[in-house]
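Trainee: I would like to learn how to read contacts, helix packing and cores in a model. Please take them in turn.

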Amino acid sequence: MELDSVMLSRMLTTMTLMFHIIFAMIGVGVPVMIAIAEFIGIRKNDPHYLLLARRWARGFTITVAVGVVTGTAIGLQLSLLWPSFMEVAGQIIALPLFMETFAFFFEAIFLGIYLYTWDRFKGKWTHWLLTIPIMIGSSASALFITTVNAFMNTPQGFDLKEGQAINIDPIAAMLNPATPSKVFHVVSTSYMTSAALLAAIVAFAILKGKRGQYEQKALRLTVTCALVFSVLTAIAGDVSAKFLAEVQPEKLAAAEWHFETEEGADIIFFGTLNEDGEIENEIRVPKLLSFLAGNSFDTEVIGLNETPEDERPPLWIHYMFDIMVSIGMFVMAITALFVIMSKVKKWNELNKPLLWAIVASGPLSLIAYEAGWILAEVGRQPWILRGYMKVAEAATRSDDVGITFIMFALLYLVLGVMTVIVLIKMFKNSPAEAELEKRFPDGGGSA
Amino acid sequence: MNLELLGITVLWTFLYGYLIVSSIDFGAGFFAFYARWKKKDHIMNDLISRYLSPVWEVTNVFFVFFFVGIVGFFPATAYYFGTALLIPASVAIILLAIRGSFYAFNNYGSRESMLYLFLYGATGLLIPASLSTVLTISEGGFLAVSTDDKVTFLAKELFTSPFSWSVVLLSIVSVLYISATFLTYYADRANDRQARRTIRQFALFWSMPTIVASLLVFISLQMHNPEHYNKAVTEYWWMFGLSLLCFGIASWFIYTGKRYGTAFIMVMMQFFFAFFGYGASHLPYILYPYITVHESVTNETMALALVIAFILGLLLLIPSLILLMRLFLFDADYVKGKKK
């Protein structure tokens, strides 16, 4: 591997995005959780849920801040590291990029209002209504920015003539074939991962001996949400696989180590590749890939051998696929188990192994989220604009990418560590019970 | 008005918006740190954070808006500025990142920390300086373009240019000046006499350097880019004249200690005329002499789509911004700290 400016630009973009998407995901998912908690709190007149919304909102401000600054970084890095790409694609995708900023602007305004008007309005619902523009803004910015990424996977809405884009149709570029499945998958996994992370925090608190009503209610709410969202995620994953089989077969084939085009294709879980490129140690489910690709066990699935060798994505993305899918299944199973156990009176859903499994699902979901994005992005290598422009043609020719990489690596290290420290301190210094007493002096413990 | 002129005007307006709101923010950060250092923070830091907390994110969006918009309207800027500015722009992003997140750590986090406040205050002055280099570079002379279109940034030329330093100077002092005049007004609304007295002194103190630095920029521009200078003094002299007039009125109100609201509007007008006079006289170049608005504008369909998106976006944003201002800027009880 040569560390030229192309490789370094890829590394820097990867690092920035992998760091940013953690906060972007929280930014999309947590407002929904806050809105749900406040809704239940007002509806049931239950201070526990209101406190939950407040405490989440407070932690949320920290992650939003980091999300905003890293988002600014990736926004500028697009032009700094991929100037040739932006010169061409800027003409075609400027609209969704622009609209993404609008959505973010909208969210920023209402988030500012939401955080500072908790006790300002007479009607409780007025304050809750503010969560709607926040959710619309955050999900809409996910939507718009995902259309840009979808466009890079399945470009359309322009013709390329001598390196110049002509006959541009901005709407067609936005509504490209990859957009629906991608947006669905991004939004559902963001909701799921956020819910799983919040559930993990509560489960951990309960394991540490905080077994008050506040914690129990929080756990039930977050785990139930995580279950619902993980089912949505599974559906979205299925939609995405069918989409890939049809439109971007080389990505699915590389992810599944599916080389020969055939009907009744097997799916491969786990496994390794030996030196001759043969698959070993795998779990093979006959014909399942065909079913995944087209709802019938006889669907023909295009193999990787159909793609010219210099246009194939690397085969290691299979591991990313494994990680993503198995974690998704694990989280769905654990959350389902918890919900079922909590319904049956005899069973104790607060048993240690289950709580630990819930604690694990938080970070695991985050890993799955990252793995999924790596799969999606590396799966379209070597293209930056699939079928039009390769990554190597798009990178900057500057000689300074190396030093820039180091500067940003340090920045993310500091930001990451500080965020964790500040968040932990923030909640340690103000335990839930104390805050409940202070804020809702009558009825705090009993409601 | 044709699309490219409309485009650049929209973008310039956003940059102007960023100039005003970010100056208030950057300057406030510096004053907050300074006050803490001089152990006067109890006088004004509550006031500052009451204003900043709900709006700091919005400030950042103005900036994002500008750079997303300029690449959209004028994609060639991505190539030239993008290639050339890797290091300076990365430094600016890192400073912005430190500032934004440390603001949140300090204000929403567990406790206030002197170190956070220092980073917040110091970056508040360094960011305008680093961002202003982009404006300097747009005057030409700091990029080398080889025959195969490879763009190189001539850092040494930039660091030794009197023009670039005068722009840096102007950006820093005007940040402090704009911020101080706004905070004087805000303190006045809050009926916080002590804070008002302190900040009013800042406003008066920074007014003179602002004018001196502006003159320096003019003089060094004449040496650096005579074409631009000539256009500024012959065609747009009246805008700079109006700017000076507004400065005079603003200073008078602040000096006599009344009508701080009008004074701040005058400061906004002062910078409005200067900024638009500067921008208009720089046209048709975006990056002298490589990019002009006419040659580099995006295709017509996209430009039109952007303008439509922009108008629809404004229909959404303006009412929301008014709501934000009514809740936190013009709500007397909130400003006085009686409401949370």
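Trainee: Leaving aside neighbours within four places in sequence, which residues is S251(B) in contact with?

Mentor: This is a predicted model. Apart from those sequence neighbours, S251(B) touches Y177(B) and S207(B). S251(B) itself sits in helix 10 of chain B, which covers residues 237-256.

Trainee: Is S251(B) buried or exposed?

Mentor: The relative accessibility of S251(B) is 18%. The cut-off for buried is under 20%, so S251(B) counts as buried.

Trainee: How do I describe two packed helices?

Mentor: Two packed helices are described by the angle between their axes and by the distance between those axes. Here, helix 10 of chain B packs with helix 11 of chain B (residues 260-282) at about 160°, and their axes are 8 Å apart. Angles over 145 degrees count as roughly antiparallel, so helix 10 of chain B is roughly antiparallel to helix 11 of chain B. The crossing of these two helices is left-handed.

Trainee: Which residues in helix 10 of chain B meet helix 11 of chain B?

Mentor: Among them are F240(B), F247(B) and F253(B); the residues they meet in helix 11 of chain B include M266(B) and F273(B).

Trainee: What about nonpolar cores?

Mentor: In soluble globular proteins, nonpolar side chains tend to be buried together. In this model the largest nonpolar core has 252 residues, and F85(A) and L219(A) have the most contacts inside it. Helix 3 of chain A (residues 83-115) gives the most to this core, with 22 residues. Another core, of twelve residues, lies apart from it and includes A254(A) and L375(A).

Note on methods. Residues are numbered from 1 along each chain as its sequence is written. Chains are lettered from A and ligands numbered from 1 in the order in which they are written. This is a predicted model: local features need pLDDT of at least 70, side-chain atom pairs count only at pLDDT 80 or more; totals for chains, interfaces and linings use all residues. Side-chain values use heavy atoms; hydrogens and water are left out. Helices (H or I, at least four residues) and strands (E, at least two) are DSSP runs, numbered from the N terminus. Buried means under 20% relative accessible area, exposed over 50%, partly exposed in between (1.4 Å probe, protein chains only). Contact means heavy atoms within 4.5 Å. A nonpolar core is a set of buried Ala, Val, Leu, Ile, Met, Phe, Trp, Tyr and Cys residues joined through side-chain atoms within 4.5 Å. Axes are lines fitted to C-alpha atoms, for helices over the stretch in contact, and angles run from 0 to 180 degrees between N-to-C directions. Angles under 35 degrees count as roughly parallel, over 145 as roughly antiparallel, 65 to 115 as roughly perpendicular and the rest as oblique. A crossing is left-handed if the near helix is turned anticlockwise from the far one by less than a right angle, and right-handed if clockwise.
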